Amino acid sequence: MADKSKISWTNSTWNCLYGCSRVSPGCENCYAERHCHRFSGEGERHEGLTALRKKGPVWTGKIDLSYHRLFEPFKWLTPRKIFVNSLSDVFHENVPFEFVKAMFGVMACSPEHTFQLLTKRHERMAEFFAEMRERFARFGERAAIWECVYWASEAVRRLRDEGKLTKGQSKRYLDRLEAGAATAKWPLPNVWLGVSAENEEMLQERVPKLFECEAVVRWISAEPLLSGLPGLRGFLVANENGMKLDWIVAGGESGPDARGMELVWATDARDV
């Protein structure tokens, strides 16, 4: 977790997951893949998350669920924008929904912060929100929140039993979760839900799935921008359900073998 992020559109990063796998063209020169590989040797903190191939390191698909980092947002007293999991994907297929729910429980009980959540797993994201919607329908309007807070509370107890939290810390966290659950609303007003859209194909594939999910703010990251986005305009006007994109970030690729970005791709996205 970084208190001061170099990413221009956020203040901090919160990493309680590490590891991923490639799913689309935007993954080809993944900075997170290179970063984790630097610390992936035997006995190092990211061991087994990457493997070295002829063209460089690649993700193995192994995911490190870092329970001890789940409650880091509770330690930040100054409100800030927080990019969620810059070194993984919240909705990766190897991340159990129980862990995702625990993350949402922490976010629900941290209303002072704004969480910027981004995924390339649009279908699994929609599956998660459909499950939350089903809880809501069966058990009442607060069921989704209590479901998430329950799993966050279970994570506290796990850490306590492993000796990674003191009894005092555990009580403070559990008290905060209980208090937060009593006032939080679904969808969480402090969570911005987004998808990556590095080209037109991914834009058209991912944004409709984003619109299936309950969110106060919906956004896309067109980074690295690999083509123009001629269909973007259609998503900036509210559809029949009143849903539209609220925020867009765009930029070129960096690092070794970076692919070029045409300036007009970015300016067209800005000006639609």
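Start by selecting Ile145, which is buried, at a relative accessible area of 2% (buried means under 20%, with a 1.4 Å probe and protein chains only). This is a predicted model, where local features need pLDDT of at least 70, side-chain atom pairs count only at pLDDT 80 or more, and totals for chains, interfaces and linings use all residues. Residues are numbered from 1 along each chain as its sequence is written, and side-chain values use heavy atoms, leaving out hydrogens and water.

Ile145 belongs to helix α4 (residues 143-161); helices here are DSSP runs of H or I with at least four residues, and strands are runs of E with at least two, numbered from the N terminus. Now show what Ile145 touches beyond four places in sequence: Ala181, Ala184, Lys185 and Trp186 (contact means heavy atoms within 4.5 Å).

Next, colour the sheet. Its 6 strands are ordered β1-β6-β7-β8-β9-β10, forming an open, parallel sheet; two strands pair if DSSP finds at least two bridges between them. At the edges, pairing on one side only, are β1 (12-14) and β10 (247-250).

Zoom in on strand β9 (residues 217-222), joined to β10 by 4 bridges. Here Ile220 stands opposite Ile248 of β10.

Finally, select helix α2 (residues 97-108) and helix α3 (residues 122-139), whose axes come within 12 Å and cross at roughly 70 degrees. Residues making this contact include Phe104 of α2 and Met132 of α3.

Terms used. Buried means under 20% relative accessible area, exposed over 50%, partly exposed in between (1.4 Å probe, protein chains only). Axes are lines fitted to C-alpha atoms, for helices over the stretch in contact, and angles run from 0 to 180 degrees between N-to-C directions.
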